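Here's a quick walk through a few packing arrangements, with the model open alongside. Let's start with a sheet and its helices, then turn to a helix pair.

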Amino acid sequence: MTTRYRVEYALKSHRRDQLIEWIKGLLAVPFVLHSQPTAVYQEHSVKLLAVAADTHKRYAEIMRDVENLINDHIAHQHAGTEGKSKLKLLVPSVGTFFTPLLLEDAFNYQDKRRFISRRRFVSPSFNDIRLTLNTAQLMGLIRGSAIDLVTFDGDVTLYDDGASITDDNPVVHRIIRLLRQGKKVGIVTAAGYTEPSKYYGRLKGLLDAVHQDLVMTEAQRNGLIVLGGESNFLFKFDRSSPDLMTYVPQSEWLLDEMRSWRDEDITELLDIAEAALRQCVSNLHLPAAVLRKERAVGVYPLAGHKMHREQLEETVLVVQSTVDRSPVGSRLPFCAFNGGNDVFVDIGDKSWGVRVCQRYFGGIERSKTLHIGDQFLSAGSNDFKARLACTTAWIANPSETVQLLDEMAELEEEEAYKKK
């Protein structure tokens, strides 16, 4: 009963990524036709290797075909007819691509590490395809031009949910490496603090390392910023500050479109969201309290309590639907998301946050920006909107972030070697 419930629950539209599921379905055909689950690994090893090689070839061919469909979709984007692309007809929810995705090469890369083609009982999984797409995106960025800006989510991307960056966090040295290369780094987080001390508490290990680094230039240190509340509060690295962060006035970074966001609309939207949240607390008997901030409102668990995933997602969907149907919801962008053990509604979203980072650093192109996050499902996931502003990589935990950054360094070294 539990297994069946979980399977059916995972098939709900808000729990699926249509492109990944579609590719997964394509790869299921050669898996069924070529796998030999009745054979024992020790038996007929030569034959099994031959089958694995044939399976790899079929998988790679499918990835090449999908890659060509994406290239066709990009051509339609440039012509302003993306709605007529074949990929759009096959996967209606597919969005905008800012670079090609080198899926065939990426699959070859991942197959050498995950041995997908050699599996006989487990078909190519959601995670196999997700990681292949990440690699394809890195290859598209690195071979196409360069990566000038890397933005990160906070919780579950740089550190565990509710934790902070400590001195021994392996991601610290990877971000230092990005800054030393002259890349810009933005941490675009839902945490909506207005005091730099709060961010210092969450990012202490990284900020201290940047401050103490003897190799970085001052210009490279200044390539680190933090954007809080999705897109509402900007802080820059500052060695002279006791918190190593300084608040940047909105006049220095606000996008032109954001200047039209009226205070009355912000208050009205948060009032509607708060009323919906309070209704969910009552109807679902949530052990939670409501917290209203300057540009956000949410519910968080009472001490010693935890909310279930289903309760959190129900709350997100109720609030999102309620605000969407309100007049102010069509005038003002917002983001309702499941934070793992809380639900918050922020003014703006991460597409605006990434765009602010691009603008702050002089107008970095979307095709030279990479956003790394853990929440990319269609509802209740605040990294999802970042796909509107730049290329993205979908990770599942902080360890995968480290692996992705190491993969980026490896691919950049290979590309530099080829150009010598």
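Which strands does helix 11 lie across, and at what angle does helix 11 run to strand 8? Helix 11, residues 309–324, lies across strand 8 and strand 9, and runs at about 165° to strand 8. Keep in mind that this is a predicted model.

Those strands belong to an open sheet of four, ordered 6-7-9-8 with antiparallel pairing. Strand 6 and strand 8 each have a single partner strand because they stand at the edges, so one side of each has no neighbour in the sheet. From one strand to the next, the twist averages 15°.

Strand 6 and strand 7 pair in the antiparallel sense over five bridges.

| Helix | Residues | Reference strand | Angle |
|---|---|---|---|
| Helix 11 | residues 309–324 | strand 8 | about 165° |

Now for the helix pair. Helix 6 (residues 126–144) packs against helix 14 (residues 398–419) at an angle of about 35°, with the axes 10 Å apart. The crossing is right-handed. On the helix 6 side, the contact includes Arg130, Leu131 and Arg143, while helix 14 brings residues including Glu400, Leu404 and Lys418. Sorted by class, this contact has seven nonpolar, two polar and seven charged residues.

Terms used. Residues numbered from 1 in each chain as written. Predicted model: local features only at pLDDT ≥ 70, side-chain atom pairs only at ≥ 80, totals over all residues. Heavy atoms only, no water. Pairing = 2+ DSSP bridges. Helix = DSSP H or I, 4+ residues; strand = E, 2+ residues; numbered from the N terminus. Axes fitted to C-alpha atoms, helices over the stretch in contact; angles between N-to-C directions. Contact = heavy atoms within 4.5 Å. Left-handed = near helix turned anticlockwise from the far one by under 90°. Nonpolar A, V, L, I, M, F, W, Y, C, P; charged D, E, K, R; others polar.
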